[in-house]
Amino acid sequence: MIVLPRLYPILDAGCYSNTLDLIAAGDELAAGGATLLQYRNKSGNAPVMLEQARELRRLSRTGVSAPHTLKLIMNDRADLALAAEFDGVHVGQDDLLPESVRGIIGPERWLGVSTHNPEQLAEADLTSADYLAIGPVFSTSSKEKPDPVVGLEGVRRARQLTRKPLVAIGGITRANAASVIEAGADSVAVISDLLRDPRKSAEEFFRILR
Ligand code: 3NM
């Protein structure tokens, strides 16, 4: 069984005006203690995704986090995860099926699956996914057409349905993160509340969730 860090930062390319800013944010997050980052880019521009993913991989080998390992997870795209030498892939309900992704990335790379209700979570629990995500816990403006909010009760139910590591996502901030972990999540995935001063924000998340 894998062990997830308490904080699961997502670098969403849509939040940055260029690659340099994106990479700088990744470096700051690593400086703030992040040991895992997900790269998310919903633009569908594969060449840009590959370039940014490779820059992140380079950062992990040369930036502040080096020589500590920085796990890099690619959102949606197993092919780009392999091309950029990422450590894992995270898929949603509309992406390739978990077992298809597993066939591409092999047994060692991490596979995460997003779920939004108990049925999806129970189904994903039967796959070879290394961890599951449940959300949105709270309302979020970082995702287009988010599923209905599941609340802390949704996290509690999810916890009862799986023994896999559980990531909670959606509207999680330093103000509510402790309640989400208390409800049974192993880790909190965050976009918005890491955008301003990523290093300080990450440090505060780790302090709160210790
Ligand atoms: N997935 P923020 S919610 C990317 O419910 C994503 O699966 C969600 O961003 C899900 O921390 C979400 O800014 C957005 O709310 C998370």
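**Close-up views of a predicted model**

**View 1. Asp-76 in its loop.** Asp-76 is found in the loop that runs between strand 3 (71-75) and helix 3 (78-83). The model shown here and in the views that follow is a predicted one. Most residues other than glycine have a negative phi. Asp-76 has a positive phi of about 75°, although it is not a glycine.

View 2. Pro-136 is found in the loop between strand 6 (131-134) and helix 6. Most peptide bonds are trans. The bond that leads from Gly-135 to Pro-136, however, is cis, and its omega is near 0°.

**View 3. The surroundings of the ligand.** The ligand is surrounded by 13 residues, and the closest are Thr-140, Ser-142, Gly-171, Ile-191 and Ser-192. For Ser-142 it is the side chain that provides an N or O atom, and this atom is 2.4 Å from an oxygen atom of the ligand. For Gly-171 the backbone provides the polar atom, which is 2.7 Å from an oxygen atom of the ligand.

**View 4. Helix 1 against helix 8.** Helix 1 (residues 19-31) and helix 8 (residues 198-208) have axes that come within 7 Å and cross at roughly 35°, and this crossing is right-handed. On the side of helix 1 the residues in contact are Ala-25, Glu-28, Leu-29 and Ala-31, and in helix 8 they meet Pro-198, Arg-199, Ala-202 and Glu-203. Sorted by class, this contact of helix 1 with helix 8 has five nonpolar and three charged residues, but no polar ones.

**View 5. Helix 1 against helix 2.** Helix 1 also packs with helix 2 (residues 46-62), and the axes of these two helices come within 10 Å and cross at roughly 35°. The crossing of helix 1 and helix 2 is right-handed. Here Thr-19, Leu-22, Ile-23, Gly-26 and Asp-27 of helix 1 meet Glu-51, Gln-52, Glu-55, Leu-56 and Leu-59 of helix 2. The residues in this contact of helix 1 with helix 2 divide into four nonpolar, three polar and three charged.

**View 6. Helix 5 against helix 6.** Helix 5 (residues 118-125) packs with helix 6 (residues 151-161) at an angle of about 30°, and their axes are 10 Å apart. Angles under 35 degrees count as roughly parallel, and therefore helix 5 is described as roughly parallel to helix 6. Helix 5 passes helix 6 in a right-handed crossing. In this view, Pro-118, Leu-121 and Asp-125 in helix 5 meet Arg-157, Ala-158 and Leu-161 in helix 6. By class, the contact of helix 5 with helix 6 has four nonpolar and two charged residues, and no polar residues.

Terms used. Residues numbered from 1 in each chain as written. Predicted model: local features only at pLDDT ≥ 70, side-chain atom pairs only at ≥ 80, totals over all residues. Heavy atoms only, no water. Axes fitted to C-alpha atoms, helices over the stretch in contact; angles between N-to-C directions. Helix = DSSP H or I, 4+ residues; strand = E, 2+ residues; numbered from the N terminus. Parallel < 35°, antiparallel > 145°, perpendicular 65-115°, else oblique. Left-handed = near helix turned anticlockwise from the far one by under 90°. Contact = heavy atoms within 4.5 Å. Nonpolar A, V, L, I, M, F, W, Y, C, P; charged D, E, K, R; others polar. Near = heavy atom within 4 Å. Polar contact = N/O pair within 3.5 Å; in protein donor to acceptor, adjacent residues only side chain to side chain.
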